[in-house]
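Have a look at the model first, then read on.

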Amino acid sequence: MKKFVISALCVVAMTSCQTQNSLYSWYDSEDAAYKYTKRSSEETLTKAMAQYEMVIKKQKGVRGMVPPGVNAEYGYMLFKAGKKEEGLALLRAEIAAYPESEKFISRIIKQLEK
């Protein structure tokens with residue numbers, strides 16, 4: 001009986017150490033965005049935009065969708081870089097994916113469309 005209890009505890013301990021899959025794949029986009037915010041340059045902007053594009057196109061997270069805020073941040077960067085229609089489309093995609101963001105994102109869209 002004692003061996004059975006010890007074996008059961010070992011099995012429980014081994015399974016509790018199992019890692020969970022992440023809801024989203026971030027691909028180090030936080031670091032790229034931080035570097036761009038810290039030192040705004042053409043190089044850091046290009047790197048941040050490339051990271052956001054990777055997050056959007058290669059999403060491997062459990063939910064299989066873009067993390068909250070990524071479409072909005074990337075869309076705003078595209079708008080500021082002169083790709084206005086693409087940027088506005090991504091801002092609208094943020095609202096479609098996360099309806100709770102509509103109040104905030106719709107204000108941004110109104111400001112940008114002026």
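Does D31 count as buried, partly exposed or exposed? At 30% relative accessibility, D31 comes out as partly exposed, where buried means under 20% relative accessible area, exposed means over 50%, and partly exposed is in between (1.4 Å probe, protein chains only). Keep in mind that this is a predicted model: local features need pLDDT of at least 70, side-chain atom pairs count only at pLDDT 80 or more, and totals for chains, interfaces and linings use all residues. Residues are numbered from 1 along each chain as its sequence is written, and side-chain values use heavy atoms, with hydrogens and water left out.

- Leaving aside residues up to four places away in sequence, M49 touches Y74, M77, L78 and A81, with contact meaning heavy atoms within 4.5 Å.

**Salt bridges within a helix**

- Searching the whole structure turns up four salt bridges, each defined as a side-chain nitrogen of Lys or Arg within 4 Å of a carboxyl oxygen of Asp or Glu.
- One of them joins the side chains of D31 and K35 (3.3 Å, N to O).
- Both D31 and K35 sit in helix α2, four residues apart, or about one turn of the helix.
- K35 is partly exposed, at a relative accessible area of 47%.
- Another pairs the side chains of E43 and K47 (3.2 Å, N to O), and both residues lie in helix α3, four residues apart, about one turn of the helix.
- E43 counts as exposed, at 52% relative accessibility.

**A salt bridge between helices**

- The side chains of R92 and E113 also meet in a salt bridge (2.7 Å, N to O).
- R92 belongs to helix α5 (residues 84–97) and E113 to helix α6 (residues 102–113), so this pair ties together parts that are 21 residues apart in sequence.
- R92 is partly exposed, with a relative accessible area of 40%, and E113 is partly exposed at 47% relative accessibility.

Conventions. Helices (H or I, at least four residues) and strands (E, at least two) are DSSP runs, numbered from the N terminus.
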